[in-house]
Amino acid sequence: MGECESWRLGSAYKEYVAGMMAGVATVAVGHPFDTVKVQLQKHNTGADGVKFIGATHCAFRILKTEGVKGLYRGATSSFVGMSFEGSLAFGIYSQAKKYLQGEVVDRPNPLAIACSGAFSGAIISSILCPTELVKCRMQVQVVDSSLPGSNRYSGPIDCALKTMKNEGLTGIFRGGVATLLRESIGNAVFFSTYEHVRYYMHRSIRDTSSIPSPFTDVGIGIVSGGIGGIAFWSVVLPFDVAKTIIQITSESTHTRNPFSTLGSIYRRAGIRGCYTGLGPTIARAFPANAAAIVAWELSCKMLGIKH
């Protein structure tokens with residue numbers, strides 16, 4: 001292996017490490033918001049009507065019932081899943097973008113960015129699907145009176161094993177199509193938004209200030225990552241609603257088609273039902289994705305990666 005190939009291999013490895021740090025930061029900041037979102041999607045889209053008045057009511061109900069740990073229910077599988085997701089999402093995105101547009105360029109290449117984001121999202125969806133199924137079932141079990149007992153699963157491993165025992169190996173991949181659509185489309189939107197906001201903010205600061213602040217990159221990372229996260233969820237939330245409904249339903253006769261599921265939700269609750277959980281999702285999107293981008297960019301700097 002030549003010297004140039006060895007350098008590229010080492011650089012690629014570092015990008016996956018930096019992506020893993022981004023995934024950990026996402027869960028640490030965003031999981032409580034995600035728990036509220038899943039509860040709303042479970043209980044406010046069914047035939048029984050609305051159970052929670054809103055995100056605040058849902059959050060207080062969880063805190064009253066279980067305390068702060070209730071907001072982090074299912075976080076174990078999320079940390080595992082998001083560590084791999086972050087590592088692969090950012091690593092594959094970076095490598096695909098370099099392949100499509102070459103090394104670091106002055107201006108963002110919209111087509112290369114969108115295709116790289118969609119490709120990374122499609123790959124990680126296969127990992128996210130089973131980990132999110134476990135997370136969702138853990139998140140809804142305590143307040144779900146339809147489950148036999150207040151705790152059907154003792155933990156994420158127990159949840160995964162019981163799911164495979166009762167539903168087969170394919171059961172752990174329920175919601176796979178919805179996850180694929182959400183991640184491929186969403187990541188194309190996220191990285192496109194992030195790269196362009198980041199580029200124009202850096203250019204604006206260079207034009208107006210000759211002395212860069214040491215906190216400039218962190219501030220730009222917060223804004224560009226946060227806006228990218230909001231763009232992601234604003235576009236793909238309906239697929240996420242369908243995914244949640246499909247994954248928390250264990251009946252073999254229940255459809256796994258996300259478009260059929262969304263059609264049923266639309267007939268019952270209209271377009272508002274398809275965007276159930278929008279409040280906590282958007283509230284989570286900015287800080288969680290801002291944390292992910294800041295963690296990724298700082299890790300890249302520490303590891304000597306240019307992007």
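The residues that line the largest cavity divide into eleven nonpolar, eleven polar and ten charged. Here Ala, Val, Leu, Ile, Met, Phe, Trp, Tyr, Cys and Pro count as nonpolar, Asp, Glu, Lys and Arg as charged, and the others, Gly among them, as polar. The model is predicted: local features need pLDDT of at least 70, side-chain atom pairs count only at pLDDT 80 or more, and totals for chains, interfaces and linings use all residues. Residues are numbered from 1 along each chain as its sequence is written, and side-chain values use heavy atoms, with hydrogens and water left out.

A search of the whole structure finds two cavities of 30 Å³ or more. A cavity is a set of points, on a 1 Å grid over the protein atoms alone, where a 1.4 Å probe fits but cannot get out; lining residues have an atom within 4 Å of a point. Grid points are joined across faces, edges and corners, and a volume is the space filled by probe spheres set on the points.

The largest cavity has a volume of about 480 Å³. Its lining has 32 residues, and the closest to its centre are Thr26, Met82, Glu85, Trp233 and Arg284. The elements that give two or more residues to this lining are helices H1 (3-43), H4 (75-101), H5 (110-140), H7 (176-208), H8 (216-248) and H10 (278-303). Helices are DSSP runs (H or I, at least four residues), numbered from the N terminus. H4 gives the most to the lining of the largest cavity, with eight residues.

The second largest cavity has a volume of about 50 Å³. Asp217, Val218, Gly221, Val294, Glu297, Leu298 and Lys301 line it. Two or more of these lining residues come from each of H8 and H10. H10 gives the most, with four residues. By class, this lining has three nonpolar, one polar and three charged residues.

Next, the aromatic rings. Rings of Phe, Tyr and Trp (its six-membered ring) pair if their centres lie within 6.5 Å; planes under 30 degrees apart count as stacked, over 60 as edge-to-face and the rest as tilted. The count comes to nine aromatic pairs. In one of them, Phe90 and Phe191 sit edge-to-face, 5.6 Å centre to centre with 85 degrees between the planes. This pair links distant parts of the chain: Phe90 is in helix H4, Phe191 in helix H7, 101 residues apart. Phe90 and Phe191 are both buried. Buried means under 20% relative accessible area, exposed over 50%, and partly exposed in between (1.4 Å probe, protein chains only).

Why is the pair of Phe190 and Phe191 edge-to-face? The ring centres of Phe190 and Phe191 are 5.1 Å apart and the planes stand at 75 degrees, so the pair falls in that class. Phe190 is buried at 5% relative accessible area, and Phe191 is buried at 1%. Phe90, Tyr93, Phe190, Phe191, Tyr194 and Trp296 form one aromatic cluster.

Last comes helix H2. H2 (residues 55-66) has twelve residues and reaches 16 Å from its first C-alpha to its last, close to the 16 Å expected. The expected span is 1.5 Å times one less than the number of residues. In H2, Cys58, Ala59, Ile62 and Glu66 are buried. Seen down the axis, these buried residues fall within an arc of 100 degrees, so they line one face of the helix. The arc is that of the directions from the helix axis to the C-beta atoms. An α-helix has 3.6 residues a turn, so residues three or four places apart point the same way. On the other side of H2, Thr56, Phe60 and Lys64 are exposed. Just after H2, Gly67 takes a positive phi of about 80 degrees.

Technical notes:
1 Å grid on protein atoms, 1.4 Å probe; cavity = no way out; pocket = protein on both sides within 12 Å on 5 of 7 lines; lining within 4 Å.
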